[in-house]
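Here's a quick walk through one model, strand by strand and helix by helix.

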Amino acid sequence: MRAVSSNILLDVSNVTKIFKIGGIYFGEKLTAVDNISLKFMDDKKIILSIVGESGSGKSTLAKMILGIEKPTSGSILYRGKDIFKLNKKERKDFRKDVQPIFQNPYESFNPLRKVDEYLYSTALSYLEVDRSSLEKVIEESFSIVGLDFERVKGKYPHEFSGGELQRVAIARALITKPHLLIADEPVSMVDATLRMSILNIFSELKEKLYSSIMYITHDLSTAYYISDYIMVMYRGSMVEYGNTREVLEEPLHPYTKILLESIPKPNPKLRWREEIKLSGLEVKEFEALGCKFSNRCANATEKCFKERPPEIVLNERKVCCWLYSH
Ligand SMILES: Nc1ncnc2c1ncn2[C@@H]1O[C@H](COP(=O)(O)OP(=O)(O)OP(=O)(O)O)[C@@H](O)[C@H]1O
Ligand SMILES: [Mg+2]
């Protein structure tokens, strides 16, 4: 028998999430995430940005990866095992290895509980450490985010600013030395002045080979600044994927082009400084058989309205668009 050795940490394969909305019997279906695949390796740490306008399915994808939402179809494997079929020990390892960071740090902490108590209990439940080494372990993760643990002791969440508490939340996530952070809009509620310092922590984490990061954002400029790869989503589907610089400097998909152009700025260096906001968004699911973007696409041909575009691989890039199908 051949031993199977895999260095894939997380293998998300053809994952789809369909929500039933508006009543059990006569409700409609909404495909929030449509056939998405991605991988995170154990030995290659990367920052992957997931971008797309509001409602494109970014958070739903994150929730499935964290095991909070169950996919309607497709699989999510953690070290080769389905995350929804893990035994107790495997689930604990999974929770330790894959840590979330949410948008609102105040929601990550119980307002009635002192922050340090929360940190101690995280460390105690995931790490095999005795009380005497606890302080050291927590101090280590605080030093990575540039905070002094002593200053945090005895305080409640509301005693911190949003930016400070988000750093504490990142430090808490780092206590377990995770291999992957799933960060859903982690800096959108943080003061602009602190935003970059938090994002720099992410870059450092990856550089020191501690952790990969899935960075969900509306903000193309920060995606450009910190990520290695980028996935552009439109109504649940991946429309373009590739090296961040290549995708944002030379977008292939008409939707990616629109995202970049929707932020006109006289100075091209400032082009992506604002959030993605497109007008004329239809909230209702577009049930076309063809490309979901066809009704908004200037390049659409008859085929685009009739047939779903395949995933076209061009070197290391992927684009789902008939324009590139020759
Ligand atoms: N529990 C749910 N039940 C029904 N519909 C849902 C549920 N969660 C999300 N949706 C719908 O799924 C779609 C994708 O939502 P999601 O929150 O994943 O988007 P998003 O890209 O994270 O958006 P935003 O940028 O606003 O955070 C939306 O149309 C949303 O209304
Ligand atoms: Mg979201």
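## Around strand β10

Let's start with a strand pair: β10 and strand β12 (residues 317-319) run antiparallel and are joined by two bridges. Strands here are DSSP E runs of at least two residues, helices are H or I runs of at least four, and both are numbered from the N terminus; two strands pair if DSSP finds at least two bridges between them. Across this pairing, Glu 240 sits opposite Val 319 in β12. This is a predicted model, where local features need pLDDT of at least 70 and side-chain atom pairs count only at pLDDT 80 or more, while totals for chains, interfaces and linings use all residues. Residues are numbered from 1 along each chain as its sequence is written, with chains lettered from A and ligands numbered from 1 in the order in which they are written.

β10 also pairs with strand β9 (residues 229-234), antiparallel again and with six bridges. Met 231 faces Tyr 241 in β10. The two strands make a hairpin with two residues between them, and Arg 235 in the turn has a positive phi of about 45°. Six of the seven residues of β10 (residues 237-243) are buried, so the rest of the structure largely encloses the strand. Buried means 20 or more other C-beta atoms within 10 Å of the residue's own, exposed means 12 or fewer, and partly exposed is in between, with C-beta atoms placed from the backbone.

Which residues of helix α5 (residues 131-144) are buried? They are Val 137, Ile 138, Ser 141 and Phe 142. Looking down the axis of α5, the buried residues fall within an arc of 135° (taken from the directions from the helix axis to the C-beta atoms), so they line one face of the helix. They pack against α4 (115-126), α6 (149-152) and α7, with contact meaning C-beta atoms, placed from the backbone, within 7 Å.

Just after the helix, Gly 146 has a positive phi of about 75°.

## The ligand shell

Ligand 1 is surrounded by 13 residues, and the closest are Phe 19, Ala 32, Ser 54, Ser 59 and Thr 60; a residue counts as near if its C-beta atom, placed from the backbone, lies within 6 Å. β1 (8-21), β2 (28-41) and α1 (58-65) are the elements giving two or more residues to this shell. The largest share, three residues, comes from α1.

Technical notes:
Two residues are in contact if their C-beta atoms, placed from the backbone, lie within 7 Å.
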